[in-house]
Amino acid sequence: LQVLAARSEQARALIGQAEALRLPVLAAGTRTDSTDVTGFDSSNKFGTGAELIWELDVWGKARKGVEAQRAAYQASRADWRAGYLVIVGGVVDTYFQIRRLDRRLVEQRRALEQSRTILDIYRKLYHRGLASSSQLSSQEAELHALRVGLADLERARALAQNALASLIGAVPGEFHLEDTAAKEAIAIPSVPAGLPSDLLSRRPDLLAAEYRLLQAVSLEGQARLSRLPTVGLTGIGGSASFGLSNLLDTWTAGLSSVLQFPVFDPNVRARIRTSEAEVHVAEQQYRASVLRAFEEVESVLINLHSHTQQRADLLARLGKLEDVNRLTRRQLELGLLSHLDVLEQERSLLAAQQAVIDNEWQVLSDTVALFKALGGGWPPEVPGAVAQR
């Protein structure tokens, strides 16, 4: 953001440079000449003077340059806004990822503990001759797989924490975010259906592409105006004397106009062709930005709709498994099932809970992506829109 802000300040300074081309230039100076008088001796001749050069902006060529630089400045401001959205979205998305990993770690450790309990039961059954060696080996392999999964989750959590540190300007390795598993759940915001496409006009990357197109058009107009004659004023004034004491006694001044016709200047034609090509490039870049924006919004909406529908099915499946888990525990109390059967059922329940957790944070991540794709979110109420549940 600081780099983008510096570029914006640079572009604003260049506006002043472009405006300075419309102003007259005044140069003043003094000189001392050695003049041979006798062939052997020399005397000094002193002089002072000033020169005024002013190219009149009759056709607006310099004004076109100012317009082009102002468009470049607006584009740089839009670039800063785009960078701001990227960083804000990255911070939120990375924080959501850490929240998801913390909850996954809790469930993974619980599953690991239950797997150890199941392994102990299998070992006792194996020593009594009630379980085969393949069942024991299978359970041991699952325990190792859970340990590998726990290590992967811890590694992913550490990497996400480093990424968050970089996004907020902290030093990775020194920044630490406390465990968020005990924090309250984040409410999933409702996204209005039927979002109007004119919300895309707020996207800063589209605004930047539009301003760069305006800049190219202004530069093309400036290039075409270079074929017209230029009108300028030149003023010269000064004084000269062999002595400093009477240097300012006599002044001479003159003012003349200059009219130049670019009868044959290959640079003008080459500049026009170059500016036309740059306009064409800017047009295609703007068109590509618009198409990419529509594609991004449509893709995010598809993902959000699909994950929202999956959430309903996952919650329904989790509810059924919770009912089954309660029934199996009652059967365990009545002696109709073994403790091992209950642990197997709870393992399936934990897997379903992890799937719900992943889906919940995926919906939040899709919402963040839609926030960025629309250039900073959407109004709280959209006329004619129905809230999406």
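1. A word on the basis first. This is a predicted model, in which local features need pLDDT of at least 70 and side-chain atom pairs count only at pLDDT 80 or more, while totals for chains, interfaces and linings use all residues. Residues are numbered from 1 along each chain as its sequence is written, and side-chain values use heavy atoms, with hydrogens and water left out.

2. Overall make-up. The protein has six helices and four strands, where helices (H or I, at least four residues) and strands (E, at least two) are DSSP runs numbered from the N terminus. Along the sequence the order is α-β-β-α-α-α-β-β-α-α. Of the 389 residues, 32% are buried; buried means under 20% relative accessible area, exposed over 50%, and partly exposed in between, with a 1.4 Å probe and protein chains only. Among contacts with a separation of 6 or more, 79% join residues 24 or more positions apart, a contact being heavy atoms within 4.5 Å.

3. H1 against H2. Helix H1 (residues 2-20) packs on H2 at an angle of about 170°, and their axes are 9 Å apart. Axes here are lines fitted to C-alpha atoms, for helices over the stretch in contact, and angles run from 0 to 180 degrees between N-to-C directions. The two helices are therefore roughly antiparallel; angles under 35 degrees count as roughly parallel, over 145 as roughly antiparallel, 65 to 115 as roughly perpendicular and the rest as oblique. On the H1 side the contact includes Leu-4, Arg-7, Ser-8, Ala-11 and Ile-15, and on the H2 side Gln-69, Tyr-73, Ser-76 and Trp-80 are among the partners. By class, this contact has 10 nonpolar, five polar and six charged residues. Ala, Val, Leu, Ile, Met, Phe, Trp, Tyr, Cys and Pro count as nonpolar, Asp, Glu, Lys and Arg as charged, and the others, Gly among them, as polar.

4. Ser-76, a residue worth a look in that contact. Ser-76 belongs to helix H2 and counts as buried because its relative accessibility is 8%. Setting aside neighbours within four places in sequence, Ser-76 touches Arg-7, Ser-8 and Ala-11.

5. H2 against H3. These helices pack at an angle of about 160°, with axes 8 Å apart, and are therefore roughly antiparallel to each other. H2 passes H3 in a left-handed crossing; a crossing is left-handed if the near helix is turned anticlockwise from the far one by less than a right angle, and right-handed if clockwise. The contact of H2 with H3 holds 21 nonpolar, 10 polar and 10 charged residues.

6. H2 against H4. Helix H2 (residues 61-127) also packs with helix H4 (residues 204-225), at an angle of about 165° and with axes 8 Å apart. That makes H2 roughly antiparallel to H4. Their crossing is left-handed, and the contact residues divide into 15 nonpolar, six polar and seven charged.

7. Arg-212, on H4. Arg-212 lies in helix H4 and is partly exposed, with a relative accessible area of 36%. Beyond neighbours within four places in sequence, Arg-212 is in contact with Ala-75, Asp-79 and Ala-282.

8. The nonpolar cores. Which residues have the most contacts inside the largest nonpolar core? They are Ile-98, Leu-112 and Tyr-122, in a core of 18 residues. A nonpolar core is a set of buried Ala, Val, Leu, Ile, Met, Phe, Trp, Tyr and Cys residues joined through side-chain atoms within 4.5 Å. H2 and helix H3 (133-167) each supply at least two residues of this core, and H2 gives the most, with eight. Not counting residues up to four places away in sequence, Leu-112 touches Leu-143, Leu-146, Arg-147 and Leu-150. Apart from this core lies another, of 14 residues, among them Leu-200, Leu-206, Ala-293 and Trp-378.

9. Finally, a strand residue. Gly-254 sits in strand S4 (residues 252-260) and counts as partly exposed, at 39% relative accessibility. Leaving aside neighbours within four places in sequence, Gly-254 contacts Thr-234, Gly-235 and Ile-236.
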